[in-house]
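Student: I would like to work through this model step by step. Please show me the sequence and the structure.

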Amino acid sequence: MNAEGNQMGRNFEDRTTRQAVGFPHGNHVKIVCAFDVETFDDIRKRAVKAETSVAEQVRKLVEWGLEVDVS
């Protein structure tokens, strides 16, 4: 368990700090990501409402986030 009391897998810090690697999949690159239960539930609710998949909602939310001007 970490300081917040959450269970995390072995070598958590190492896994989160190494360079990101994706997996080629046609015209896309696949990744694996994890969400806390509350965040996943929010994404799932959006998917149900939009009649799309959770994956589609994640893609859309990431694209929207990338469009935000952070300068």
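Student: What is the mean pLDDT of the protein chain?

Tutor: This is a predicted model, in which local features need pLDDT of at least 70, side-chain atom pairs count only at pLDDT 80 or more, and totals for chains, interfaces and linings use all residues. Residues are numbered from 1 along each chain as its sequence is written, and side-chain values use heavy atoms, with hydrogens and water left out. pLDDT is the predictor's confidence in each residue, from 0 to 100. In the protein chain, 72% of the residues reach 70 or more, and the mean pLDDT is 81.

Student: Which element of the protein chain has the lowest mean pLDDT?

Tutor: Helices (H or I, at least four residues) and strands (E, at least two) are DSSP runs, numbered from the N terminus. Helix 2 has the highest mean pLDDT, 97. Where pLDDT is low, the predicted coordinates should not be read in detail. The lowest mean, 59, belongs to helix 1 (residues 12–17).

Student: What pattern does the protein chain follow along the sequence?

Tutor: The protein chain has 3 helices and 2 strands. Read along the sequence, their pattern is α-β-β-α-α.

Student: Is Gln 57 buried or exposed?

Tutor: Gln 57 sits in helix 3 (residues 54–67). Buried means under 20% relative accessible area, exposed over 50%, and partly exposed in between (1.4 Å probe, protein chains only). Of the 71 residues of the protein chain, 6% count as buried. With a relative accessible area of 4%, Gln 57 is buried.

Student: Which residues does Gln 57 touch, not counting residues up to four places away in sequence?

Tutor: Contact means heavy atoms within 4.5 Å. With residues up to four places away in sequence left out, Gln 57 touches Ile 43, Arg 46, Ala 47, Ala 50 and Thr 52.

Student: What is the phi of Glu 51 near?

Tutor: Glu 51 lies in the loop between helix 2 (37–50) and helix 3. At 74% relative accessibility, Glu 51 counts as exposed. Most residues other than glycine have a negative phi. Glu 51 has a positive value, near 55 degrees.

Student: How many Å separate the C-alpha atoms of Ser 53 and Ile 43?

Tutor: Ser 53 is in the loop between helix 2 and helix 3. Its relative accessibility is 39%, so Ser 53 counts as partly exposed. Ser 53 and Ile 43 are 10 residues apart along the chain, and their C-alpha atoms are separated by 9.5 Å.

Student: Which residues does Phe 40 touch, not counting residues up to four places away in sequence?

Tutor: Phe 40 is in helix 2. Its relative accessible area is 36%, so Phe 40 is partly exposed. Phe 40 and Val 54 are 14 residues apart in sequence and 8.6 Å apart in space, C-alpha to C-alpha. Leaving out residues up to four places away in sequence, Phe 40 touches Phe 35 and Val 54.

Student: Which element gives the largest share of the lining of the largest pocket?

Tutor: On a 1 Å grid over the protein atoms alone, a pocket is an open set of points where a 1.4 Å probe fits, with protein on both sides within 12 Å along at least five of seven lines; lining residues have an atom within 4 Å of a point. The lining of the largest pocket includes His 25, Phe 35, Val 54 and Val 62. Strand 2 (28–30) and helix 3 are the elements that give two or more residues to this lining. The largest share, 5 residues, comes from helix 3.
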